[in-house]
Amino acid sequence: MLIDLHAHSTESDGTDTPSELVATAVAAGLDAIAITDHDTTAGWAEAERAVRELGRPGTFRLVPGAELSCSSPDGNGGRVTVHLLAYLFNPASPALVREQSRLRAERRERLHQMARRMADDGFPIDPDAIMAGLPPDSPGGRPHLARALVAAGTVASVDEAFAKYLSSGGSYYLPRTDTPVHRAITMIAEAGGATVLAHPFAYKRGPVVNAEVIAELADHGLAGVEIDHPDHDEPTRAKLRELAAELDLIPTGSSDYHGTNKTIRIGQETTDPDSLERIIARCTGSKVIS
């Protein structure tokens with residue numbers, strides 16, 4: 001079985017609509033896909049309809065989820081951003097609804113401010129048009145601004161936009177307020193879901209947590225760790241497998257697919273079926289769709 005537990009749609013920063021994401025996964029020969037848009041569950045219903053319309057009962061599964069941006073101790077006296085993949089939680093959980101609403105509002109305001117600063121400096125983009133093009137429940141983010149810069153001919157690719165203008169050290173970057181990671185783990189658990197730490201040792205993305213922090217998060221209720229990821233080399237994967245076994249964390253693998261925003265293909269990394277079953281066994285908030 002081919003299972004990819006980390007993919008994004010147009011409801012956050014992917015380029016496939018939720019239904020297109022399902023179709024892409026099916027065309028790639030996957031048996032299961034998780035929709036994990038940033039800080040929103042807005043794509044769940046459309047993705048579910050797409051699965052129901054396949055007309056092949058039991059042959060494809062959709063795992064409803066989300067990717068949560070969180071603030072965490074780094075284990076060395078500082079703090080870093082980490083991402084939690086949350087699966088099969090109740091999207092109507094009041095605490096979660098409040099937090100995701102706050103995050104989406106802040107993300108959208110941040111995007112508008114960054115776009116406005118660039119427009120004021122002469123970049124040929126329209127901040128209001130960028131915001132108007134977002135789905136209503138999308139958090140909005142730097143990839144949307146990057147695509148506007150590509151469309152304007154300012155840069156040739158999303159990667160170039162980030163490298164030149166939108167990275168955390170860039171002059172147009174604005175900080176954001178993320179959910180404390182311990183709070184996020186608790187919220188998802190109380191909503192009947194399970195959390196997996198996404199790409200924890202993706203050093204090329206910036207500062208990361210150390211193994212001691214992952215052990216502490218496991219004690220707090222973290223269910224798993226994403227090991228097979230495009231941003232992890234083989235020595236890093238081996239280190240994480242050893243750590244997951246030591247801490248009894250569920251090992252997963254995922255592409256982190258974003259459509260044409262990245263060069264990663266869907267299903268490039270996959271999860272063992274036993275790991276998916278272990279995640280499902282922990283969850284009561286929502287069900288796998290097949």
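## A briefing on strands, helices and cysteines

Strand β6 and strand β7 (residues 224-228) run parallel to each other and are joined over two bridges; strands count as paired if DSSP finds at least two bridges between them. This is a predicted model, so local features need pLDDT of at least 70 and side-chain atom pairs count only at pLDDT 80 or more, while totals for chains, interfaces and linings use all residues. Residues are numbered from 1 along each chain as its sequence is written, and side-chain values use heavy atoms, with hydrogens and water left out. Helices (H or I, at least four residues) and strands (E, at least two) are DSSP runs, numbered from the N terminus.

**Strand β6 and its partners**

- V196 sits opposite G224 of β7.
- β6 also pairs with strand β4 (residues 79-87), here in the antiparallel sense, over four bridges.
- In that pairing, Y87 has A194 in β6 as its bridge partner.
- In a regular strand, side chains alternate between the two faces of the sheet.
- In β6 (residues 194-197), A194 and V196 point one way, T195 and L197 point the other way, and all are buried (buried means under 20% relative accessible area, exposed over 50%, partly exposed in between, with a 1.4 Å probe and protein chains only).

**Two packed helices**

- Two packed helices are described by the angle between their axes and the distance between the axes.
- Helix α8 (residues 211-220) and helix α9 (residues 234-247) pack at about 35°, with axes 11 Å apart; axes are lines fitted to C-alpha atoms, for helices over the stretch in contact, and angles run from 0 to 180 degrees between N-to-C directions.
- From α8, A211, I214, A215 and A218 meet L240, L243 and L247 of α9, where contact means heavy atoms within 4.5 Å.
- The residues of this contact are seven nonpolar, no polar and no charged (Ala, Val, Leu, Ile, Met, Phe, Trp, Tyr, Cys and Pro count as nonpolar, Asp, Glu, Lys and Arg as charged, and the others, Gly among them, as polar).

**Two loop residues with positive phi**

- Most residues other than glycine have a negative phi.
- L88, in the loop between β4 and α3 (94-120), has a positive phi of about 55° although it is not a glycine, and L88 is buried at 1% relative accessible area.
- D248, in the loop between α9 and β8 (250-253), also has a positive phi of about 55°, but D248 is exposed at 59%.

**Cysteines**

- There are zero disulfides, a disulfide being a pair of cysteine sulfur atoms within 2.5 Å.
- The sulfur of C70 is 16 Å from the closest cysteine sulfur, in C283, so the two are too far apart for a bond.
- C70 is buried at 0% relative accessible area, and C283 is buried at 12%.
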